[in-house]
Amino acid sequence: MAQNGSQSDHLETLDRDLGRFLTLERATAYMARPMVGPSVGFIFILLAGLLAALSFGQASNTLIIIIVAVFGAYMALNIGANDVANNMGPAVGANALTMGGAIAIAAVFESAGAFIAGADVVSTVATGIIAPEAMANSTTFIWAMMAALVSAALWVNLATWIGAPVSTTHAVVGGVVGSGIAGAGVMAVNWENMIAIAASWVISPVMGGVIAAGCLWFIKARIIYQDDKITAARKWVPVLVGIMAGTFAAYLAVKGLGHVIKISLNLAMLIGLAFGVVTWLIMVPVIRRQSAGLENRNKSLKVLFGAPLVLSAALLSFAHGANDVANAVGPLAAIVQVAKSGSITSDVSIPFWVMCIGALGISFGLFLFGPKLIRVVGSQITKLNPMRAYCVALSAAITVIAASWLGLPVSSTHIAVGAIFGVGFFREWDAERRLKKSQELTSGPKIAPEERRRRKLVRRSHVLTIGAAWVFTVPAAAVLSMIIFFLLSSFGGSL
């Protein structure tokens with residue numbers, strides 16, 4: 001009996017141990033899934049350092065270049081995780097794109113925008129904010145650029161971790177300003193450029209919101225509120241698609257073909273006009289076929305705006321890649337230039353391997369960490385359908401394109417969120433206007449303030465949260481960059 005009891009105790013002990021093992025195994029598997037993204041991201045960062053080592057060759061500054069390339073890749077991943085969600089969120093939130101389709105389209109067009117049209121904005125970040133000649137020597141300039149990149153990467157990563165919607169452009173520009181002041185004083189900063197950039201931070205979200213609201217007003221007035229919605233859509237949807245295609249063609253003519261042959265602004269506008277007209281003519285029979293047999297109601301219109309929304313999202317991704325690659329590799333490009341030449345110059349060339357790190361890093365960041373934020377942007381600010389999402393994407397694309405055309409590193413976060421707010425507030429205004437008109441016709445009772453509050457179509461909490469994050473990012477990145485610069489200059493010594 002004692003032996004049987006001993007065997008029973010032994011079996012119970014084995015069962016408990018096995019249970020603990022299975023629990024540990026399940027916990028390990030659960031923890032391993034969230035670690036897949038960071039692990040793949042870490043591998044990409046290491047490969048970026050290896051690419052820098054192979055591309056830069058044997059030199060005394062190779063280690064510095066490798067370190068900066070690593071932080072550039074790290075920053076690019078954060079940009080992909082944050083900013084690209086603003087481009088694809090509306091299309092996914094409107095159910096015009098699946099998550100997989102959105103990621104695939106964004107990866108292709110983000111990379112294309114960075115490679116084809118990203119060099120102008122990279123030059124602005126690299127030398128347009130800090131006057132290179134104001135630095136005491138090349139070593140000081142390299143430490144300043146490195147501090148700006150490291151501070152921006154750390155701040156964006158921290159903000160992402162706590163769920164704060166910050167602008168990566170704000171972080172980089174703030175970092176460059178902070179390290180420039182620390183390295184050469186207040187006069188080292190090109191305040192004229194900074195004023196223009198800061199003004200664009202205010203103007204761009206307002207412009208995005210106004211254009212998006214105007215686009216939605218046009219769709220409502222010319223299509224949704226018409227008695228025969230399908231006939232109106234057959235007339236105006238091809239026009240809207242033509243406008244979008246023409247804008248893209250004009251931009252690509254200047255930024256893409258401009259690297260091969262010189263194209264004036266007037267010629268680019270003519271190219272855009274021609275491309276827009278051709279697209280309009282092509283879309284007329286396409287929309288006619290798509291609309292055949294559709295019922296005369298708003299739900300049917302969503303089908304017609306599906307393809308234009310996908311195309312506009314692709315356009316926005318292209319523009320974002322052209323504009324925001326500067327945040328990742330602008331300081332890296334400046335450091336590579338100084339390390340190669342040994343002197344500080346305002347003329348910064350962008351090596352192909354540097355652009356590769358920025359473009360691929362943005363795409364990897366989107367693929368690994370972007371889906372969660374895409375859902376947030378697509379559904380938590382205001383309710384989107386294909387028509388509203390199309391207005392957001394088209395407005396943001398036009399605004400980002402205009403900013404990149406001018407070489408200004410504006411925030412795509414500001415523009416896209418501003419466009420979403422513009423659509424939401426216009427919906428509130430339109431609903432209020434129609435309600436007042438209905439009350440005047442029926443002489444009905446006025447709506448109580450509580451009922452009006454429930455009718456709000458934009459979450460006010462997001463307005464305050466996003467506004468606070470936008471204001472705080474620049475000084476926070478600047479202060480962090482100053483601290484990092486002093487540490488680098490104190491312990492890094494002379495290169």
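Tutor: Let us begin with the surface. Accessible areas come from the Shrake-Rupley method with a 1.4 Å probe, and for residues only the protein chains shown count as cover. Here the protein chain exposes about 22600 Å², of which carbon and sulfur atoms supply 67%. The model is predicted: local features need pLDDT of at least 70 and side-chain atom pairs count only at pLDDT 80 or more, whereas totals for chains, interfaces and linings use all residues. Residues are numbered from 1 along each chain as its sequence is written, and side-chain values use heavy atoms, with hydrogens and water left out.

Student: What share of the 495 residues in the protein chain is buried?

Tutor: Buried means under 20% relative accessible area, exposed over 50%, and partly exposed in between (1.4 Å probe, protein chains only). Buried residues make up 51% of the 495.

Student: Which residues touch the most other members of the largest nonpolar core?

Tutor: A nonpolar core is a set of buried Ala, Val, Leu, Ile, Met, Phe, Trp, Tyr and Cys residues joined through side-chain atoms within 4.5 Å. The largest one has 121 residues, and Met 75, Ile 219 and Tyr 390 touch the most other members. Leaving aside residues up to four places away in sequence, Tyr 390 touches, among others, Cys 215, Ile 219 and Phe 305.

Student: How many disulfides does the structure hold?

Tutor: A disulfide is a pair of cysteine sulfur atoms within 2.5 Å. The structure holds zero. The sulfur of Cys 391 has its closest cysteine sulfur in Cys 215, at 3.2 Å, which is too far for a bond. Cys 391 counts as buried because its relative accessibility is 1%.

Technical notes. Contact means heavy atoms within 4.5 Å.
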